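The following exercises are to be worked through with the sequence and the coordinates at hand. Each task is followed by a solution in steps.

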Amino acid sequence: MTLEYLCTRRQFDRPIGSFQALQHRAVDLWIQRSLTEAVVAEALKALAEGVPPSVRSRLAARAKARASDAALHVAREAVQMHGAIGFTDEYDLSLYVQRALVLSAWLGNAAQQRRRYATLDNELVPTGER
Amino acid sequence: MSTDWNALDDETFRLTVRRFFEQHYPQHLRYPKRRLRWHEIKDWYLTLYRQGWVAPNWPVEYGGMGLEPNKLIIFIEEQERYGVGRAPDMGIVMVGPLLIRHGTQAQKDYYLPKILAGEHIWCQGYSEPNAGSDLASLRTEARLEGDHFVVNGQKIWTTLAQDATHIFLLVRTDKQAKKQEGISFLLADMNTPGIRVRPIRTLAGHEEFCEVFFDEVRVPKENLVGELNQGWGIAKALLGFERLFLGSPKQSQYALQRLRDAAVGLGLFADQGFVDRYVKLALDVEDLSALYGRFVEQVRRGEPLGPDVSMLKIFATETFSRLADLLVEIAGTAGASAEPLPTAAGEVDVLSTFYNARPATIYGGSNEIQRNILATNVLHLPR
């Protein structure tokens, strides 16, 4: 949706998506989306192969942490790149932003998931030091 | 006798390679903090040569191991795992595959065996003072005079040129043509009169790269690779799946281990503020591995890598950089010291991680250029 907007919205006689400042930010969002895909796919594959419950919980925490952060990051930036129209209730983007807020917070946001991950992974934070 | 490595199952092959590295690679050269010079790593290069393993990527008929992509990935993963230092390998990685594909029979017969035997050490003459990210604007020129090209100009950031016996270079052979269409690919002996090398000291205090000057350097005509003015296409085609390894998570995994060692020694795991930041970075490294794994799978299936592989380089090198930053930060005052950080759990080297993170986001196409590639070729944003 935002990519489409960057290609069609024109200012200064050119599509705003031709400005490098926006291009690089769009790329960073796309990288976060791709990372989320990779992490979720890895978790699903492991689940399908039947890993022990402790590993399942860890994978879930890790995937949720990445997905929550990525969703909020994309949502915030999407509003910014749309400009004023992105801050309206009427425009469809508002649905996605609200949804990202809810889903990111639901069942533990990214920061909570990372703490959970740390408690589930005995190797990650050296014992006796906590 | 040559072995058909590809016939081995992956696990057997992995263990064979691992055992060889463990038995033969010198302990004191593991995980080097900087690029090793030829005199330091020569013995290892020759050990690989005697084993027939110096060119894992070359076809068997030319003296390589002939590894298929998935076996080659295993070989490189094991090198990284054991901390095997990178020898001056431009001959193996670039010149060999180039000549096998575009070279004349005479070029192959002459150069390939000498690369394998470590008699010829190659360096890459691409960048110039005014041609970095915009490489196609290079100006070092070669004019044809009888049986020779006469080369004039300057190359820069030429890695380990002071150790090289030969250089492969892009030169301008037609000043009238569109900039990509007037470039040719030449091979030159570093001992040719008129070539001068000046090492450049890096921020880290090492002499890893050089300037190379060409003053009326006469290069035999038969040292042209491919057709005249076709050099740009040839150089671009060389960017194979080596690009994958610029995005390997190994560098970040190793930095994370150092960060952990330092934090243990400084008692920082009792500090929730630190732990939160550490875990966030640890998850970045985990997720980087997942992303890397996806591209590795793609190569294993025999599919070519698309322009989207650029994102791997960006995320890998920027994760590495964030790790280095936190390491310097927790070291406090000692973060400015070239000496290792003394901790209750032993010494941890801080600054070499920070220094190594600097060029990582620049070489192999700066991260800004990678973002341009992604914006245009993957996201299809307007120019």
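The model is predicted: local features need pLDDT of at least 70, side-chain atom pairs count only at pLDDT 80 or more, and totals for chains, interfaces and linings use all residues. Residues are numbered from 1 along each chain as its sequence is written, and chains are lettered from A and ligands numbered from 1 in the order in which they are written.

**Exercise 1.** Determine which residues of helix α4 (residues 93-105) of chain A are buried and how they are arranged around the axis.

*Solution.* Helices are DSSP runs (H or I, at least four residues), numbered from the N terminus. The expected span is 1.5 Å times one less than the number of residues.

Next, apply the burial criterion: 20 or more other C-beta atoms within 10 Å of a residue's own make it buried, 12 or fewer exposed, and values in between partly exposed, with C-beta atoms placed from the backbone. L93(A), V97(A), A100(A) and S104(A) of α4(A) are buried. They lie on the same side of α4(A), because they cover an arc of only 60° around the axis; the arc is that of the directions from the helix axis to the C-beta atoms. An α-helix has 3.6 residues a turn, so residues three or four places apart point the same way.

Finally, the buried residues of α4(A) pack against α3 (53-82) and α5 (110-120) of chain A. On the face turned away from the buried side are the exposed residues L95(A), Q98(A), R99(A) and V102(A).

**Exercise 2.** State what covers the buried residues of α11(B).

*Solution.* Helix α11 of chain B comprises residues 367-378. Its buried residues are N367(B), Q370(B), R371(B), N372(B), L374(B) and A375(B). Their cover includes α2 (20-49) of chain A and α9 (310-331) of chain B. H380(B), which follows α11(B), has a positive phi near 55°.

**Exercise 3.** Describe how domain 1 of chain B meets domain 2 of chain B.

*Solution.* An automatic or database domain assignment supplies the bounds: domain 1 (5-87), domain 2 (122-237) and domain 3 (241-378) of chain B. The C-alpha centres of domains 1 and 2 of chain B are 29 Å apart. Four residues of domain 1 of chain B are in contact (C-beta atoms, placed from the backbone, within 7 Å) with five residues of domain 2 of chain B. On the domain 1 side, one residue is nonpolar, none is polar and three are charged.

Conventions: Helix = DSSP H or I, 4+ residues; strand = E, 2+ residues; numbered from the N terminus. Contact = placed C-beta atoms within 7 Å. Nonpolar A, V, L, I, M, F, W, Y, C, P; charged D, E, K, R; others polar.
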